[in-house]
Amino acid sequence: MDKFMIDLETDLEVMRECCRSGKTKEASWRRSQLKGLQTFLKENEVEILRALREDLGKHYVEAFRDEVGLIKKSLNLALKDLQKWMSSREAKLPMIALLSHAELVPEPLGLVLVISPWNFPLALSLEPLLGAIAAGNAVVLKPSEMAPACSSLLFNTLPNYLDNETIKVIEGGPAVGEQLLLKKWDKIFFTGSARVGRIVMSAAAKHLTPVTLELGGKCPAVLDSLSWSWDKEVAVNRIIGAKYGSCAGQACISVDYLLVEKAFSSAVVELMKVLIKKMYRDNPLESQSVGRIVNKHHFLRLKNLLTDKMVKDSIVYGGSMDEDSLFIEPTILVDPPRDSTIMTEEIFGPLLPIITLDKIEDSIDFINARPKPLAIYAFTKNEAFRRRMVSQTSSGAVVFNDAIIQYAADTIPFGGIGESGIGNYHGKFSFDTFSHYKAVVRRSFLTDFWFRFPPWNNYKLELFETAYNYDYFGMLLVILGLKRSRRRFDVR
Amino acid sequence: MIIVSAGLFKDCGSSIVGAGLGDTLAYHHTYKINQVSFSSSIPSSSYCRATLSITMEEAKQTFDVDKAAVLVKELRKAFTSGKTKSYEWRMSQLESISKMIDEKEKEIIEALHKDLSKPELEAFVSEISMTKSSCKLALKELKHWMMPKKVETSMATYPSSAEIVSEPLGVVLVISTWNFPFLLSLDPVIGAIAAGNAVVLKPSEIAPATSSLLSRLLVEYADESAIRVVEGAVVETSALLEQKWDKIFFTGGARVGHIVMTAAAKHLTPVTLELGGKCPVLVDSNVDLQVTARRIVAGKWACNNGQACIGVDYIITTKDFATKLIGALRSVLEECFGKDPMESKDRSRIVNSFHFMRLVNLLDEDKVSDKIVVGGQRDRSQLQIAPTILLDVPEDSLIMQEEIFGPLLPIMTVEKLEDAFDMINRKPKALAAYLFSDDEQIKRKFVQNVSAGGIAINDTILQLAVPTLPFGGVGESGMGSYHGKFSFDAFSHNKAVLYRSFAGESPTRYPPYTPGKQKQMKALISGDVFNIMLALLGWFKN
């Protein structure tokens with residue numbers, strides 16, 4: 001490890017020097033690196049899809065939809081908008097400012113660290129990476145050791161497409177992560193659990209490094225008692241897709257549990273059974289369409305969630321497991337005890353508790369009694385209820401009548417609040433996350449007023465006091481010589 | 001920006017030892033300072049030590065962790081009730097604060113005079129009117145700020161729409177500082193209220209008069225169920241930092257910034273850290289000398305006597321121009337503060353004897369003391385140091401390594417102006433960087449190559465007063481920003497809200513991934529990725 005640290009420090013010093021030299025700031029550098037990522041995806045698509053299958057048993061369609069395709073889309077956007085993002089934005093001077101000019105200039109933060117998780121090992125590595133590159137930073141990426149095939153693919157192949165002086169992939173587990181966290185970074189971007197998030201932020205505090213923490217939480221889905229069967233079917237399909245269809249529920253924004261009205265619950269369960277069967281057929285273990293649990297540790301964790309008798313008894317569908325293939329069947333539980341682990345911790349797997357409520361409006365209190373989730377999904381046509389859901393709950397995002405797709409929208413920020421994270425990204429927000437907006441004010445030497453400088457006397461004070469009743473800000477501008485004042489002549 | 005000192009009791013006798021927050025988190029004494037007078041002090045550079053003699057009385061109530069927990073619980077109750085979220089509540093609180101500033105102006109000026117001997121006009125301009133303008137702007141713009149922002153959905157407008165909704169973070173803590181104790185306390189509080197949060201303000205104990213004034217006034221003018229002031233020093237601050245907040249907004253020194261962020265990490269609390277740093281001024285030889293000198297004086301001695309986080313810290317200029325600049329500064333200083341600057345009432349004093357000794361130490365260092373070209377006089381009883389200019393002190397001297405935060409101004413000379421960029425970039429990133437020049441190329445290079453929180457060209461301090469610009473640091477000078485709408489944003493969460501209908505459903509999205517679907521996919525893959533996305537999400541239009 002000592003040698004690792006020494007080598008690392010040497011590498012980082014080179015990277016810092018590159019930042020100082022301004023190399024990474026150049027638009028041409030950013031563009032060429034983004035194009036490098038594009039080529040990487042294009043030339044290694046088969047390998048990537050294979051690695052995702054190996055690590056997580058993802059079907060290649062799912063892998064393309066959730067990982068490769070999404071990154072391609074983000075790269076296209078970044079390349080298209082880079083020029084626009086990089087240009088400085090003029091700030092309005094609020095009043096008549098004489099010969100002054102203000103603007104916001106985005107500048108890279110410097111050397112940044114991206115720590116990515118195992119559940120979307122490609123997308124959650126490359127999405128922040130491309131944001132950091134677009135913003136002109138040197139980047140160290142540490143993919144998760146728990147998705148070894150993807151980690152090794154990123155480590156061995158990705159560097160062939162990128163500038164190795166300024167972008168590095170470092171493989172390793174918690175020990176390597178700890179070593180990395182000892183270093184001084186200009187930003188740390190972390191995706192993972194709240195527990196490790198705390199460690200990352202404490203480490204960052206030592207160097208006053210800003211952090212973005214993309215965590216998770218128990219994302220609820222609220223299903224109103226929809227009357228039309230088409231709506232019902234679409235809603236349930238979308239819930240099933242968001243629970244079992246993306247990495248077998250091992251996603252920070254997958255549906256964690258479902259809230260429905262008591263009277264509606266049995267209809268929902270029946271419909272779910274039918275639609276799950278339609279998607280995953282009679283033997284889901286044989287179906288290639290559902291992902292695997294990432295490793296034995298998580299498999300056992302999920303298995304343990306079901307050991308409590310009360311929980312076990314609440315299973316109404318599924319529940320079968322195969323330890324050898326790390327497969328867990330899409331499972332539905334109705335009203336497990338609310339204080340059981342399955343209802344207090346993030347599930348992160350294909351188990352779906354359905355909690356029944358007297359009135360669907362009670363879901364707001366139910367959600368507010370728990371830590372703020374990364375997303376709330378509400379399937380409803382009730383306009384008033386929607387408004388209440390937006391204004392009376394707090395979460396990273398609220399999505400109506402769908403789930404998970406907010407991840408693909410570039411125009412809204414993706415990120416959490418409270419226990420679900422700090423900061424956000426996606427689209428232009430990714431660029432912002434890795435940029436510092438420098439305020440720049442320019443003035444000429446021409447306008448300057450005598451009363452701005454000491455010695456202070458009653459005369460000058462009087463000037464301010466007469467202006468006192470009018471407009472403080474205008475006065476301030478007067479003082480700073482930014483605005484002509486009639487009073488100037490009165491005083492003289 | 002500041003070094004927290006004084007306010008910690010070493011023993012229960014009549015003397016206190018002020019030390020850094022970090023070194024003294026273990027103290028649990030429960031006294032309240034009534035009156036502080038300064039006597040002898042023994043400073044040392046790395047530890048902040050100052051011995052002060054005080055009179056004190058045992059406070060009736062101790063603010064400890066339990067009290068802090070109760071406080072947060074009460075405020076959380078107020079927040080959960082939803083009242084702070086309403087537009088009406090926010091407006092009424094802001095209006096009330098605005099009224100408070102109007103009605104209590106005299107008391108505010110008096111308190112600032114007590115704490116810092118701040119000249120009345122300076123107090124008025126840099127604290128009262130700035131705070132008031134923040135308040136007015138928030139009152140005027142609040143409705144607009146609170147409005148959800150509609151955004152286009154990038155993947156075809158049909159059948160989805162999206163907006164970004166600003167929601168309050170919850171219960172927030174504002175820890176402020178002593179150099180602009182009124183402005184830097186209320187400015188963030190105004191932002192927190194505008195954004196609809198419940199807020200606790202901890203003003204600095206190093207400006208005790210303003211601290212106690214704020215505590216009294218906010219009880220009188222603000223809604224006590226959601227806006228509170230906790231006075232105190234390290235013990236109280238530590239008790240507060242143990243609690244779970246939804247945001248901590250801290251203004252102060254980098255060292256305490258570490259402590260704040262470490263405490264925040266335990267609860268995953270986002271922080272804004274407004275720190276300081278050595279703000280350089282680069283002076284080209286082609287400038288209007290008189291205007292330049294005036295604006296430098298305004299950004300140094302007329303700005304709380306150099307005790308400002310964005311104040312001028314040092315100057316870099318070319319060798320041959322330095323003498324001219326010194327001449328101009330000398331004459332402007334005389335214009336502003338008279339022949340004997342020690343007699344002038346137009347500068348704030350040094351805040352306390354700890355900081356006085358810290359500054360004296362910077363001056364008395366070997367190879368520094370003989371570099372004084374203007375000023376150098378000091379008066380310990382008045383806590384005053386004359387405007388002092390030093391020429392070409394060694395770069396490794398303390399005065400060029402640490403933030404000066406006082407009326408001392410080193411001028412460093414370089415052969416070519418471009419050499420200055422290196423000197424600036426070797427140091428940690430500052431909160432502000434200033435350039436005086438008439439050369440467009442130098443201006444462009446400066447903006448491009450110098451990283452700092454903000455930059456002003458041909459002026460100082462000005463960027464602070466522009467509410468359309470974010471105010472905040474980068475790297476060592478802090479994280480996050482505020483002012484104007486940025487204050488509102490600093491205390492808001494941007495919630496993404498996406499609306500979909502039940503129409504536009506595509507079976508391609510769901511398993512089983514049949515050969516038919518694969519074929520459809522393949523056809524799509526040959527086309528635009530965008531369309532593939534649409535198809536996968538069921539938004540593909542045939």
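## First stop: a helix and its charges

Select A:Arg20, which is exposed, with a relative accessibility of 52%. Keep in mind that this is a predicted model.

A salt bridge links the side chains of A:Glu13 and A:Arg20, at 3.1 Å from N to O. A:Glu13 is partly exposed, at 36% relative accessibility.

How far apart along helix H1 of chain A are A:Glu17 and A:Arg20? They are three residues apart, which means a separation of about one helical turn. A:Glu17 has 42% relative accessibility and counts as partly exposed.

Switch to chain B for a moment. Select B:Lys104 and B:Glu107. They form a salt bridge, and their closest N and O atoms are 3.9 Å apart. B:Glu107 is partly exposed, with a relative accessible area of 27%.

A:Glu9, A:Glu13, A:Arg16, A:Glu17, A:Arg20 and A:Lys183 belong to one network, joined by salt bridges that share partners. Over all chains, the whole structure holds 56 salt bridges.

## Second stop: the six-stranded sheet

Colour the strands of chain A in the order S5-S4-S3-S6-S7-S17. They make an open sheet of six strands with mixed pairing. Which strands stand at the edges? Strand S5 (167-169) and strand S17 (421-422) of chain A do. Each has a single partner strand, so one side of each lacks a neighbour in the sheet.

Show helix H1 (residues 2-21) of chain A again. H1 packs on this sheet and touches strand S3 (111-115), strand S4 (138-142) and S5 of chain A. The direction of H1 makes about 145° with that of S4(A).

S7(A) and S17(A) run antiparallel and are joined by two bridges. Pick A:Leu213 here: A:Ile422 in S17(A) is its bridge partner.

## Third stop: the annotated site

Stay on strand S7 (residues 211-214) of chain A, where A:Glu214 is found. UniProt lists both under "active site", in an unreviewed entry.

Take A:Glu214 by itself. At 2% relative accessibility, A:Glu214 is buried. Beyond residues up to four places away in sequence, the contacts of A:Glu214 include A:Phe189, A:Phe190, A:Thr191 and A:Gly192. Also among them are A:Phe414, A:Gly415, A:Asn424 and A:Tyr425.

Now take A:Cys252. A:Cys252 lies in the loop between helix H9 (229-244) and strand S9 (257-261) of chain A. A:Cys252 is buried too, with a relative accessible area of 15%. Leaving aside residues within four places in sequence, its contacts include A:Asn119, A:Leu215, A:Gly216 and A:Gly217. A:Cys219, A:Glu346, A:Phe348 and A:Leu374 are also among them.

Select strand S10 (residues 315-317) and strand S13 (residues 331-334) of chain A. They pair in the antiparallel sense over two bridges. A:Tyr317 has A:Ile332 in S13(A) as its bridge partner.

S13(A) and S14 pair in the parallel sense, over four bridges. Here A:Val334 stands opposite A:Ile354 in S14(A).

## Last stop: the whole chain

Zoom out to chain A, with its 19 helices and 18 strands. Of its 492 residues, 65% are buried. Among contacts in chain A with a separation of 6 or more, 70% join residues 24 or more positions apart.

Finally, colour by pLDDT. The mean for chain A is 89, and 89% of its residues reach 70 or more. Select residues 466-470 of chain A: here the pLDDT is below 50, and the stretch has ten contacts beyond near neighbours in sequence. Then select residues 484-492 of chain A. Their pLDDT is also below 50, with twelve contacts beyond near neighbours in sequence.

Definitions and conventions. Residues are numbered from 1 along each chain as its sequence is written. Chains are lettered from A and ligands numbered from 1 in the order in which they are written. This is a predicted model: local features need pLDDT of at least 70, side-chain atom pairs count only at pLDDT 80 or more; totals for chains, interfaces and linings use all residues. Side-chain values use heavy atoms; hydrogens and water are left out. UniProt positions are given in the numbering used here, feature names are shortened, and annotations may be inferred rather than shown by experiment. Buried means under 20% relative accessible area, exposed over 50%, partly exposed in between (1.4 Å probe, protein chains only). Contact means heavy atoms within 4.5 Å. Two strands pair if DSSP finds at least two bridges between them. Axes are lines fitted to C-alpha atoms, for helices over the stretch in contact, and angles run from 0 to 180 degrees between N-to-C directions. A salt bridge is a side-chain nitrogen of Lys or Arg within 4 Å of a carboxyl oxygen of Asp or Glu. pLDDT is the predictor's confidence in each residue, from 0 to 100.
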